[in-house]
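Hi,

Here is the structure I said I would pass on.

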Amino acid sequence: QLYYFADKNSTSPKGVIDLAYYSIRRLPKENHFELHPTLLDLRKKDPVVYLLMAPDFKTRFEWTEVLSKLTADMHKRVFGVSLEELMRRQFTDKTQKIPAFLNQIINALSTHLETEGIFRIPGSAKDIMLYQDQINSGASIDFSSIDPHTI
């Protein structure tokens, strides 16, 4: 989330922009740029476009680089995102009833149905967090080599 202020002397934010629904558009003016709604946010009746201005070109470049990375990373996230949102992102195959990554997990677990305590015995918390981070970053994971309790 990005908090914005009325001016540089303000101490409380005027509002908050949920970066998960925006992309960066650099404008021809030296220090201007926009936060433009993505397809995911265009479902709203009146999507808002934010016009922002940096103090100079160098600062605009720095800000837009950071914001571009943040917004790109957010569009890949899987964990902490609603099921509805995940399905909206899945533009390639509308016949799927569950998110693609979940289908991969189900297929991987189906090869371990005889594993004792598969849903009762927890996997390594460290490994689970590692795989969640990898999935959130958009990395491809070979679930066949992962302990089924961790999947």
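Let me start with a salt bridge between Glu 65 and Arg 26, whose closest N and O atoms are 3.0 Å apart. (A salt bridge here is a side-chain nitrogen of Lys or Arg within 4 Å of a carboxyl oxygen of Asp or Glu.) This pair links distant parts of the chain, 39 residues apart: Glu 65 sits in helix H1 and Arg 26 in strand E3 (residues 22–26). Helices (H or I, at least four residues) and strands (E, at least two) are DSSP runs, numbered from the N terminus. Glu 65 is partly exposed at 38% relative accessibility, and Arg 26 is partly exposed at 39%. For these words, buried means under 20% relative accessible area, exposed over 50%, and partly exposed in between (1.4 Å probe, protein chains only).

A word on the source: this is a predicted model, in which local features need pLDDT of at least 70 and side-chain atom pairs count only at pLDDT 80 or more, while totals for chains, interfaces and linings use all residues. Residues are numbered from 1 along each chain as its sequence is written, and side-chain values use heavy atoms, with hydrogens and water left out.

The whole structure holds 3 salt bridges. In another of them, Arg 25 pairs with Glu 34, with 3.8 Å between the closest N and O atoms. Arg 25 is partly exposed, at 40% relative accessible area, whereas Glu 34 is buried at 16%. Lys 58 and Glu 62 also form a salt bridge (3.1 Å, N to O); they are 4 residues apart in helix H1, which means about one helical turn separates them. Lys 58 is exposed at 58%, and Glu 62 is partly exposed at 38%.

Now the largest pocket, with about 500 Å³ of space. (A pocket is an open set of points on a 1 Å grid over the protein atoms alone, where a 1.4 Å probe fits, with protein on both sides within 12 Å along at least five of seven lines; lining residues have an atom within 4 Å of a point.) Its lining has 15 residues, and Tyr 4, Phe 5, Leu 52, Met 53 and Trp 63 lie nearest the centre. Strand E1 (2–4), strand E5 (50–53) and helix H1 (57–76) each give two or more residues to this lining, with the largest share, 4 residues, coming from E5.

Finally, Leu 70 is in helix H1, and its C-alpha atom is 7.6 Å from that of Leu 19, 51 residues away along the chain.

Best wishes

Technical notes
Grid points are joined across faces, edges and corners, and a volume is the space filled by probe spheres set on the points.
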